[in-house]
Amino acid sequence: MAAPRIAVAGGGLAGLAAAIDLTGAGCEVHLFERSRLLGGRATSFQIDGRTVDNGQHVFLACCTEFIGFVERAGMADALYLQDRFDVTVYAHGVRSELRAANLPAPWHLIASMAAYRHLGLGGKLQLARALFALARERAPQGNFADWLRRHGQSIETIRAFWDPFMVPALNAPLEAMSAAEAAFVIRTAFLYDRGAARFGYSKVPLAQIMEAAARDLASVRRATAVSAMETYDGGVRLRTADAHDDIFDAVVLALPPRALERLLGEAARFGVKDLGRYEASAIMDVHLWHDGGRLDFDFCALLDSPVQWIFQKGDGYLCCSLSAAGALVSTPTDDVVGAIWREVSGALPELRGAKLVRGAATRNPEGTYNARPGTVRPAARTLDPRVAIAGSWTATGWPDTMESAVRSGREAARVLLEQNAWTTKL
Ligand SMILES: Cc1cc2nc3c(=O)[nH]c(=O)nc-3n(C[C@H](O)[C@H](O)[C@H](O)COP(=O)(O)OP(=O)(O)OC[C@H]3O[C@@H](n4cnc5c(N)ncnc54)[C@H](O)[C@@H]3O)c2cc1C
(Lines give C-alpha, C1' and ligand atoms only; values in the text may rest on other atoms or scores of the structure.)
Protein backbone atom coordinates (compact mmCIF):
# COMPACT_ATOMS: atom_id res chain seq x y z
CA MET A 1 0.00 0.00 0.00
CA ALA A 2 1.17 3.51 -0.79
CA ALA A 3 2.05 5.62 2.23
CA PRO A 4 -0.85 7.77 3.43
CA ARG A 5 -0.63 11.36 2.21
CA ILE A 6 -0.93 13.80 5.08
CA ALA A 7 -1.09 17.57 4.77
CA VAL A 8 0.16 19.83 7.54
CA ALA A 9 -1.12 23.41 7.34
CA GLY A 10 1.17 25.78 9.26
CA GLY A 11 4.94 25.50 9.34
CA GLY A 12 5.48 26.73 12.91
CA LEU A 13 6.88 24.49 15.63
CA ALA A 14 3.55 22.72 16.10
CA GLY A 15 3.21 21.84 12.41
CA LEU A 16 6.86 20.83 12.12
CA ALA A 17 6.67 18.63 15.22
CA ALA A 18 3.61 16.86 13.79
CA ALA A 19 5.31 16.56 10.40
CA ILE A 20 8.45 14.93 11.83
CA ASP A 21 6.45 12.34 13.77
CA LEU A 22 4.16 11.52 10.85
CA THR A 23 7.13 11.17 8.52
CA GLY A 24 8.80 8.93 11.09
CA ALA A 25 5.65 6.77 11.12
CA GLY A 26 5.92 6.22 7.35
CA CYS A 27 3.49 8.87 6.08
CA GLU A 28 4.10 11.08 3.05
CA VAL A 29 3.89 14.55 4.58
CA HIS A 30 3.23 17.75 2.63
CA LEU A 31 3.69 21.01 4.54
CA PHE A 32 1.89 24.24 3.59
CA GLU A 33 3.18 27.47 5.10
CA ARG A 34 1.72 30.90 4.39
CA SER A 35 5.05 32.67 4.92
CA ARG A 36 8.21 32.21 2.86
CA LEU A 37 9.95 31.38 6.20
CA LEU A 38 9.55 28.26 8.29
CA GLY A 39 9.14 28.45 12.08
CA GLY A 40 6.12 30.75 12.43
CA ARG A 41 6.66 32.85 15.53
CA ALA A 42 10.01 31.13 16.13
CA THR A 43 11.86 32.07 12.98
CA SER A 44 14.67 34.35 11.78
CA PHE A 45 15.15 36.96 9.07
CA GLN A 46 17.63 39.55 7.92
CA ILE A 47 17.89 43.08 9.24
CA ASP A 48 20.52 45.21 7.49
CA GLY A 49 22.36 42.12 6.34
CA ARG A 50 22.36 40.41 9.77
CA THR A 51 20.26 37.38 10.60
CA VAL A 52 18.18 37.97 13.72
CA ASP A 53 15.47 35.90 15.33
CA ASN A 54 11.91 37.12 15.09
CA GLY A 55 12.30 37.47 18.85
CA GLN A 56 14.75 36.11 21.37
CA HIS A 57 13.48 32.70 22.48
CA VAL A 58 14.53 30.90 25.64
CA PHE A 59 13.52 27.55 27.01
CA LEU A 60 14.04 25.91 30.37
CA ALA A 61 15.49 22.46 30.99
CA CYS A 62 11.98 21.25 31.85
CA CYS A 63 10.96 21.88 28.21
CA THR A 64 11.85 18.30 27.36
CA GLU A 65 9.65 18.02 24.29
CA PHE A 66 11.12 21.12 22.67
CA ILE A 67 14.64 19.80 23.36
CA GLY A 68 13.61 16.42 21.90
CA PHE A 69 12.25 18.13 18.79
CA VAL A 70 15.56 19.89 18.17
CA GLU A 71 17.35 16.57 18.66
CA ARG A 72 15.06 14.84 16.17
CA ALA A 73 15.80 17.64 13.71
CA GLY A 74 19.46 16.66 14.09
CA MET A 75 20.33 20.03 15.66
CA ALA A 76 21.07 19.12 19.28
CA ASP A 77 24.42 20.91 19.07
CA ALA A 78 22.61 24.16 18.30
CA LEU A 79 21.23 24.40 21.84
CA TYR A 80 22.92 25.96 24.84
CA LEU A 81 21.66 24.86 28.27
CA GLN A 82 23.00 26.09 31.61
CA ASP A 83 24.60 23.59 34.02
CA ARG A 84 22.59 25.14 36.81
CA PHE A 85 20.02 27.91 37.23
CA ASP A 86 22.12 31.08 37.30
CA VAL A 87 20.67 34.48 36.52
CA THR A 88 22.15 37.98 36.69
CA VAL A 89 19.72 40.72 37.70
CA TYR A 90 20.36 44.48 37.43
CA ALA A 91 18.41 47.27 39.10
CA HIS A 92 19.49 50.91 38.76
CA GLY A 93 23.14 50.04 38.30
CA VAL A 94 23.27 47.39 41.07
CA ARG A 95 24.07 43.86 39.98
CA SER A 96 23.11 40.69 41.81
CA GLU A 97 22.96 36.98 41.04
CA LEU A 98 20.40 34.26 41.66
CA ARG A 99 22.31 31.00 41.54
CA ALA A 100 20.83 27.58 42.39
CA ALA A 101 22.35 26.03 45.50
CA ASN A 102 23.26 22.34 45.69
CA LEU A 103 20.10 21.47 47.56
CA PRO A 104 16.91 19.67 46.60
CA ALA A 105 14.06 21.78 45.17
CA PRO A 106 12.70 24.20 46.28
CA TRP A 107 15.55 24.81 48.75
CA HIS A 108 17.99 25.29 45.85
CA LEU A 109 16.06 28.48 44.96
CA ILE A 110 15.28 29.62 48.48
CA ALA A 111 18.94 29.29 49.49
CA SER A 112 20.00 31.18 46.35
CA MET A 113 17.95 34.12 47.65
CA ALA A 114 20.34 34.59 50.60
CA ALA A 115 22.80 36.50 48.44
CA TYR A 116 20.17 38.27 46.29
CA ARG A 117 20.67 42.00 46.82
CA HIS A 118 17.44 43.23 45.28
CA LEU A 119 15.21 41.81 48.01
CA GLY A 120 15.38 42.41 51.77
CA LEU A 121 15.05 39.69 54.39
CA GLY A 122 11.31 40.28 54.84
CA GLY A 123 10.75 39.94 51.09
CA LYS A 124 12.78 36.73 50.96
CA LEU A 125 10.64 35.20 53.71
CA GLN A 126 7.48 36.31 51.89
CA LEU A 127 8.74 34.70 48.72
CA ALA A 128 9.57 31.42 50.46
CA ARG A 129 6.07 31.33 51.97
CA ALA A 130 4.48 31.92 48.57
CA LEU A 131 6.57 29.16 46.95
CA PHE A 132 5.44 26.68 49.60
CA ALA A 133 1.83 27.81 49.18
CA LEU A 134 2.08 27.26 45.41
CA ALA A 135 3.44 23.77 46.03
CA ARG A 136 0.47 22.99 48.29
CA GLU A 137 -2.48 24.66 46.56
CA ARG A 138 -3.94 22.35 43.94
CA ALA A 139 -6.15 24.82 42.11
CA PRO A 140 -5.33 28.47 42.79
CA GLN A 141 -8.18 30.73 41.73
CA GLY A 142 -8.43 34.15 40.09
CA ASN A 143 -5.68 36.23 38.60
CA PHE A 144 -2.09 35.94 39.81
CA ALA A 145 -1.76 39.55 41.01
CA ASP A 146 -4.67 38.97 43.41
CA TRP A 147 -3.23 35.62 44.48
CA LEU A 148 0.12 37.29 45.29
CA ARG A 149 -1.61 40.00 47.31
CA ARG A 150 -3.66 37.40 49.19
CA HIS A 151 -0.41 35.62 49.99
CA GLY A 152 1.24 38.69 51.46
CA GLN A 153 3.62 39.55 48.62
CA SER A 154 4.76 43.18 48.90
CA ILE A 155 5.40 45.53 45.97
CA GLU A 156 9.13 44.98 46.58
CA THR A 157 8.85 41.17 46.28
CA ILE A 158 6.69 41.44 43.18
CA ARG A 159 9.16 43.82 41.54
CA ALA A 160 12.28 41.80 42.48
CA PHE A 161 11.05 38.30 41.66
CA TRP A 162 7.52 37.80 40.34
CA ASP A 163 7.62 40.49 37.65
CA PRO A 164 10.93 39.53 35.99
CA PHE A 165 10.19 35.80 35.99
CA MET A 166 6.46 35.59 35.41
CA VAL A 167 5.71 38.44 32.97
CA PRO A 168 8.05 37.01 30.27
CA ALA A 169 7.08 33.41 31.06
CA LEU A 170 3.40 34.07 30.37
CA ASN A 171 3.80 37.24 28.29
CA ALA A 172 1.18 39.07 30.31
CA PRO A 173 1.04 41.45 33.25
CA LEU A 174 0.41 39.69 36.58
CA GLU A 175 -3.20 41.00 36.63
CA ALA A 176 -3.90 39.33 33.28
CA MET A 177 -2.45 35.87 34.02
CA SER A 178 -4.42 33.17 35.74
CA ALA A 179 -3.10 32.03 39.11
CA ALA A 180 -3.49 28.43 37.92
CA GLU A 181 -1.19 28.95 34.89
CA ALA A 182 1.33 30.87 36.98
CA ALA A 183 1.32 28.10 39.56
CA PHE A 184 1.95 25.53 36.83
CA VAL A 185 5.00 27.46 35.62
CA ILE A 186 6.44 27.96 39.11
CA ARG A 187 5.90 24.33 40.09
CA THR A 188 7.34 22.96 36.87
CA ALA A 189 10.36 25.28 36.87
CA PHE A 190 11.22 25.62 40.53
CA LEU A 191 9.45 23.29 42.91
CA TYR A 192 10.09 19.69 41.86
CA ASP A 193 13.48 19.43 40.25
CA ARG A 194 16.61 21.46 40.98
CA GLY A 195 17.67 21.39 37.34
CA ALA A 196 14.31 22.28 35.77
CA ALA A 197 14.76 26.08 35.62
CA ARG A 198 18.12 26.02 33.87
CA PHE A 199 17.94 28.49 30.98
CA GLY A 200 18.65 27.50 27.42
CA TYR A 201 18.61 29.14 24.02
CA SER A 202 19.62 28.44 20.46
CA LYS A 203 23.18 29.29 19.47
CA VAL A 204 22.15 29.47 15.81
CA PRO A 205 19.31 31.42 14.17
CA LEU A 206 16.05 29.59 14.92
CA ALA A 207 15.23 29.28 11.23
CA GLN A 208 18.18 26.89 10.82
CA ILE A 209 16.57 24.47 13.26
CA MET A 210 13.22 24.76 11.48
CA GLU A 211 14.78 24.14 8.06
CA ALA A 212 16.51 21.04 9.42
CA ALA A 213 13.20 19.81 10.88
CA ALA A 214 11.56 20.02 7.44
CA ARG A 215 14.41 18.26 5.63
CA ASP A 216 12.78 14.82 5.24
CA LEU A 217 9.24 15.89 4.37
CA ALA A 218 7.80 14.89 1.01
CA SER A 219 7.24 18.54 0.10
CA VAL A 220 7.39 21.97 1.68
CA ARG A 221 5.20 24.60 0.03
CA ARG A 222 6.31 28.03 1.30
CA ALA A 223 4.39 31.24 0.70
CA THR A 224 1.35 29.00 0.18
CA ALA A 225 -1.60 29.62 2.47
CA VAL A 226 -4.32 27.01 2.74
CA SER A 227 -7.51 28.90 1.97
CA ALA A 228 -10.21 26.21 2.06
CA MET A 229 -10.74 22.69 3.33
CA GLU A 230 -13.41 20.16 2.55
CA THR A 231 -13.66 16.71 4.08
CA TYR A 232 -15.36 13.86 2.25
CA ASP A 233 -15.55 10.08 2.67
CA GLY A 234 -12.26 9.37 0.98
CA GLY A 235 -10.21 12.10 2.64
CA VAL A 236 -9.60 15.83 2.76
CA ARG A 237 -9.42 18.34 -0.11
CA LEU A 238 -7.33 21.44 0.44
CA ARG A 239 -7.33 24.55 -1.68
CA THR A 240 -4.42 26.93 -1.54
CA ALA A 241 -4.54 30.70 -1.97
CA ASP A 242 -3.05 30.29 -5.46
CA ALA A 243 -6.18 28.23 -6.37
CA HIS A 244 -4.59 24.77 -6.44
CA ASP A 245 -6.58 21.81 -5.12
CA ASP A 246 -5.03 18.66 -3.73
CA ILE A 247 -6.37 15.66 -1.84
CA PHE A 248 -4.96 13.96 1.23
CA ASP A 249 -5.85 11.12 3.56
CA ALA A 250 -5.77 13.42 6.59
CA VAL A 251 -4.66 16.85 7.72
CA VAL A 252 -3.07 18.53 10.73
CA LEU A 253 -4.18 22.15 11.06
CA ALA A 254 -1.39 23.85 13.02
CA LEU A 255 -2.62 27.42 12.73
CA PRO A 256 -3.26 30.38 15.01
CA PRO A 257 -6.82 30.42 16.43
CA ARG A 258 -8.31 33.01 14.03
CA ALA A 259 -6.79 31.38 10.94
CA LEU A 260 -8.14 28.02 12.11
CA GLU A 261 -11.58 29.53 12.64
CA ARG A 262 -11.60 30.91 9.09
CA LEU A 263 -10.53 27.58 7.62
CA LEU A 264 -12.95 25.42 9.59
CA GLY A 265 -15.89 27.70 8.82
CA GLU A 266 -18.36 26.09 11.17
CA ALA A 267 -15.87 25.06 13.84
CA ALA A 268 -18.61 23.49 15.97
CA ARG A 269 -19.07 20.85 13.24
CA PHE A 270 -15.59 19.63 14.20
CA GLY A 271 -16.33 19.90 17.91
CA VAL A 272 -13.95 22.87 18.24
CA LYS A 273 -15.20 25.71 20.43
CA ASP A 274 -14.19 29.12 21.71
CA LEU A 275 -11.81 30.05 18.85
CA GLY A 276 -12.79 33.71 19.22
CA ARG A 277 -11.76 33.80 22.88
CA TYR A 278 -7.99 34.24 22.47
CA GLU A 279 -6.32 37.59 22.95
CA ALA A 280 -3.01 38.27 21.29
CA SER A 281 -0.32 39.74 23.50
CA ALA A 282 2.59 41.63 21.95
CA ILE A 283 6.30 40.90 22.31
CA MET A 284 8.92 43.29 21.05
CA ASP A 285 12.70 43.00 20.79
CA VAL A 286 14.96 46.01 20.55
CA HIS A 287 18.40 45.31 19.07
CA LEU A 288 21.17 47.64 20.18
CA TRP A 289 24.63 47.76 18.63
CA HIS A 290 27.02 49.83 20.78
CA ASP A 291 30.73 50.60 21.02
CA GLY A 292 31.10 49.36 24.62
CA GLY A 293 32.55 45.98 23.63
CA ARG A 294 31.89 42.70 25.47
CA LEU A 295 29.93 42.90 28.75
CA ASP A 296 30.26 40.42 31.59
CA PHE A 297 27.08 38.32 31.12
CA ASP A 298 25.38 36.15 28.53
CA PHE A 299 21.95 37.36 29.54
CA CYS A 300 20.48 39.30 32.44
CA ALA A 301 17.19 40.55 33.83
CA LEU A 302 16.39 44.22 34.40
CA LEU A 303 14.12 45.36 37.23
CA ASP A 304 11.82 48.41 37.06
CA SER A 305 12.03 48.58 33.28
CA PRO A 306 9.88 47.82 30.24
CA VAL A 307 12.80 45.54 29.25
CA GLN A 308 12.67 42.28 31.16
CA TRP A 309 15.67 40.44 29.71
CA ILE A 310 18.80 41.42 27.82
CA PHE A 311 20.75 38.87 25.77
CA GLN A 312 24.30 39.53 24.61
CA LYS A 313 24.26 38.15 21.09
CA GLY A 314 27.79 39.26 20.21
CA ASP A 315 30.44 41.78 21.25
CA GLY A 316 28.67 45.14 21.27
CA TYR A 317 25.29 43.63 20.36
CA LEU A 318 22.44 43.41 22.88
CA CYS A 319 18.99 42.05 22.19
CA CYS A 320 16.44 43.45 24.65
CA SER A 321 13.22 41.55 25.11
CA LEU A 322 10.00 43.34 26.07
CA SER A 323 7.06 41.12 26.97
CA ALA A 324 3.46 42.31 27.32
CA ALA A 325 4.62 45.16 25.09
CA GLY A 326 1.22 46.29 23.78
CA ALA A 327 1.84 49.90 24.80
CA LEU A 328 5.13 50.14 22.87
CA VAL A 329 4.60 47.93 19.86
CA SER A 330 3.42 50.74 17.58
CA THR A 331 5.98 53.34 18.74
CA PRO A 332 8.23 54.49 15.86
CA THR A 333 11.55 52.61 15.74
CA ASP A 334 13.81 55.64 16.38
CA ASP A 335 11.81 56.60 19.46
CA VAL A 336 11.70 53.10 20.91
CA VAL A 337 15.40 52.43 20.19
CA GLY A 338 16.36 55.75 21.84
CA ALA A 339 14.17 55.07 24.89
CA ILE A 340 15.45 51.50 25.36
CA TRP A 341 19.08 52.54 24.92
CA ARG A 342 18.59 55.15 27.68
CA GLU A 343 17.03 52.44 29.90
CA VAL A 344 19.74 49.88 29.28
CA SER A 345 22.76 52.17 29.33
CA GLY A 346 21.42 53.72 32.54
CA ALA A 347 20.93 50.35 34.22
CA LEU A 348 24.21 48.64 33.25
CA PRO A 349 27.24 50.39 34.76
CA GLU A 350 29.47 48.64 32.18
CA LEU A 351 27.83 50.78 29.48
CA ARG A 352 28.78 54.09 31.08
CA GLY A 353 30.26 56.26 28.33
CA ALA A 354 29.31 53.80 25.57
CA LYS A 355 27.62 55.10 22.44
CA LEU A 356 24.79 53.56 20.49
CA VAL A 357 25.97 52.70 17.00
CA ARG A 358 22.75 51.32 15.54
CA GLY A 359 19.38 50.07 16.64
CA ALA A 360 16.48 48.05 15.27
CA ALA A 361 13.18 46.70 16.54
CA THR A 362 11.27 43.50 15.80
CA ARG A 363 7.59 43.63 16.63
CA ASN A 364 5.14 40.81 17.18
CA PRO A 365 1.68 42.16 17.96
CA GLU A 366 0.61 38.50 18.11
CA GLY A 367 3.47 37.18 20.28
CA THR A 368 1.30 34.77 22.23
CA TYR A 369 -2.40 33.89 22.35
CA ASN A 370 -3.86 34.03 25.82
CA ALA A 371 -7.22 32.39 26.45
CA ARG A 372 -9.80 34.54 28.24
CA PRO A 373 -10.88 33.12 31.62
CA GLY A 374 -13.33 30.27 31.22
CA THR A 375 -12.13 29.30 27.73
CA VAL A 376 -11.85 25.60 26.99
CA ARG A 377 -8.66 25.18 24.97
CA PRO A 378 -9.30 22.58 22.25
CA ALA A 379 -7.65 19.17 22.18
CA ALA A 380 -5.91 17.78 19.07
CA ARG A 381 -8.75 15.37 18.33
CA THR A 382 -11.74 16.76 16.41
CA LEU A 383 -15.05 15.10 15.56
CA ASP A 384 -13.61 14.26 12.15
CA PRO A 385 -11.00 11.48 12.40
CA ARG A 386 -9.14 12.88 9.38
CA VAL A 387 -8.64 16.32 10.92
CA ALA A 388 -6.43 17.04 13.92
CA ILE A 389 -5.49 20.45 15.26
CA ALA A 390 -2.28 21.70 16.82
CA GLY A 391 -0.82 24.96 18.10
CA SER A 392 0.83 26.28 21.21
CA TRP A 393 -2.52 27.75 22.30
CA THR A 394 -4.37 24.39 22.31
CA ALA A 395 -4.96 22.19 25.36
CA THR A 396 -1.48 21.00 26.20
CA GLY A 397 -1.47 22.04 29.86
CA TRP A 398 1.35 24.49 29.06
CA PRO A 399 1.15 28.21 28.38
CA ASP A 400 1.75 29.44 24.81
CA THR A 401 5.41 28.46 24.46
CA MET A 402 7.66 26.45 22.17
CA GLU A 403 7.21 23.50 24.53
CA SER A 404 3.44 23.72 24.17
CA ALA A 405 3.72 23.98 20.38
CA VAL A 406 5.83 20.82 20.10
CA ARG A 407 3.60 18.91 22.50
CA SER A 408 0.51 19.90 20.52
CA GLY A 409 2.03 18.85 17.21
CA ARG A 410 3.12 15.48 18.53
CA GLU A 411 -0.31 14.89 20.00
CA ALA A 412 -2.00 15.78 16.68
CA ALA A 413 0.23 13.26 14.89
CA ARG A 414 -0.51 10.60 17.51
CA VAL A 415 -4.27 11.19 17.22
CA LEU A 416 -4.26 10.87 13.42
CA LEU A 417 -2.16 7.70 13.54
CA GLU A 418 -4.37 6.20 16.23
CA GLN A 419 -7.73 6.80 14.62
CA ASN A 420 -7.10 6.05 10.96
CA ALA A 421 -7.25 2.56 9.51
CA TRP A 422 -4.28 3.16 7.18
CA THR A 423 -1.91 3.27 10.11
CA THR A 424 -2.20 -0.47 10.57
CA LYS A 425 -1.07 -0.98 6.97
CA LEU A 426 2.02 1.23 7.08
C1 LIG B 1 8.92 37.54 19.87
C2 LIG B 1 8.52 36.24 20.49
C3 LIG B 1 9.25 35.74 21.54
C4 LIG B 1 8.89 34.53 22.11
N5 LIG B 1 9.66 34.04 23.12
C6 LIG B 1 9.44 32.79 23.54
C7 LIG B 1 10.33 32.19 24.45
O8 LIG B 1 11.30 32.80 24.90
N9 LIG B 1 10.09 30.90 24.83
C10 LIG B 1 9.03 30.19 24.36
O11 LIG B 1 8.90 29.01 24.71
N12 LIG B 1 8.15 30.75 23.51
C13 LIG B 1 8.33 32.01 23.08
N14 LIG B 1 7.46 32.56 22.18
C15 LIG B 1 6.25 31.81 21.79
C16 LIG B 1 6.60 30.76 20.73
O17 LIG B 1 7.26 31.36 19.64
C18 LIG B 1 5.31 30.12 20.25
O19 LIG B 1 4.61 29.57 21.34
C20 LIG B 1 5.52 29.00 19.23
O21 LIG B 1 6.53 29.29 18.31
C22 LIG B 1 4.18 28.79 18.51
O23 LIG B 1 4.29 27.77 17.53
P24 LIG B 1 3.00 27.32 16.72
O25 LIG B 1 3.47 26.42 15.65
O26 LIG B 1 1.96 26.83 17.65
O27 LIG B 1 2.38 28.65 16.09
P28 LIG B 1 2.99 29.63 14.99
O29 LIG B 1 4.44 29.78 15.19
O30 LIG B 1 2.14 30.86 15.07
O31 LIG B 1 2.75 28.86 13.61
C32 LIG B 1 1.57 28.95 12.88
C33 LIG B 1 1.97 28.98 11.41
O34 LIG B 1 0.81 28.91 10.60
C35 LIG B 1 1.04 29.73 9.45
N36 LIG B 1 -0.25 30.00 8.84
C37 LIG B 1 -1.22 30.84 9.24
N38 LIG B 1 -2.29 30.76 8.43
C39 LIG B 1 -1.98 29.83 7.48
C40 LIG B 1 -2.67 29.27 6.38
N41 LIG B 1 -3.93 29.66 6.06
N42 LIG B 1 -2.06 28.32 5.63
C43 LIG B 1 -0.80 27.91 5.90
N44 LIG B 1 -0.09 28.41 6.95
C45 LIG B 1 -0.68 29.35 7.73
C46 LIG B 1 1.74 30.94 10.03
O47 LIG B 1 2.41 31.66 9.02
C48 LIG B 1 2.68 30.27 11.02
O49 LIG B 1 3.92 29.94 10.44
C50 LIG B 1 7.75 33.81 21.64
C51 LIG B 1 7.01 34.33 20.57
C52 LIG B 1 7.39 35.52 20.01
C53 LIG B 1 6.57 36.06 18.86
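Here are some numbered notes on how this predicted model is put together.

1. Ground rules. Numbering starts from 1 along each chain, following the sequence as written. Since the model is predicted, local features need pLDDT of at least 70 and side-chain atom pairs count only at pLDDT 80 or more, while totals for chains, interfaces and linings use all residues.

2. The parallel sheet. Start with a bit of background: strands of a sheet pair through backbone hydrogen bonds, either parallel or antiparallel. Here, five strands line up as β10-β2-β1-β14-β20 in an open sheet with parallel pairing. At its edges sit β10 (219-221) and β20 (387-389), each pairing on one side only. From one strand to the next, the twist averages 15 degrees. A word on terms: helices (H or I, at least four residues) and strands (E, at least two) are DSSP runs, numbered from the N terminus, and two strands pair if DSSP finds at least two bridges between them.

3. Four bridges join β1 (residues 5-9) to β14 (residues 250-253) in the parallel sense. For isoleucine 6, the bridge partner in β14 is alanine 250. Helix α1 (residues 13-24) packs on the sheet and touches β1, β2 (28-32) and β14. The direction of α1 makes about 165 degrees with that of β2; axes are lines fitted to C-alpha atoms, for helices over the stretch in contact, and angles run from 0 to 180 degrees between N-to-C directions.

4. Two residues to look up. Is valine 29 buried or exposed? Valine 29, found in strand β2, is buried because 28 other C-beta atoms lie within 10 Å. (The cut-offs: buried means 20 or more other C-beta atoms within 10 Å of the residue's own, exposed means 12 or fewer, and partly exposed is in between, with C-beta atoms placed from the backbone.) Leaving out residues up to four places away in sequence, valine 29 touches Ile6, Val8, Ala19, Leu22, Thr23, Leu217 and Ala218; contact means C-beta atoms, placed from the backbone, within 7 Å. Methionine 1, in the segment before β1, counts as exposed, with 6 C-beta neighbours inside 10 Å.

5. The antiparallel sheet. Three strands make another open sheet, ordered β5-β9-β6, with antiparallel pairing. β5 and β6 stand at the edges with a single partner strand each, so one side of each has no neighbour in the sheet. The twist averages 25 degrees from one strand to the next. Three bridges link β5 to β9 (residues 199-202), with leucine 60 partnered by phenylalanine 199. Three bridges also join β6 (residues 79-81) to β9; tyrosine 80 stands opposite tyrosine 201, and leucine 81 faces glycine 200.

6. Around the ligand. How many residues surround the ligand? There are 36, and the closest are Gly10, Gly12, Gly40, Gly55 and Thr401; near means a C-beta atom, placed from the backbone, within 6 Å. The elements α1, β5 (58-60), β19 (356-371) and α11 (402-419) each supply at least two residues of this shell. Why does the ligand lie between domain 1 and domain 3? Because both domains give residues to the shell.

Methods. Contact = placed C-beta atoms within 7 Å. Domains from an automatic or database assignment.
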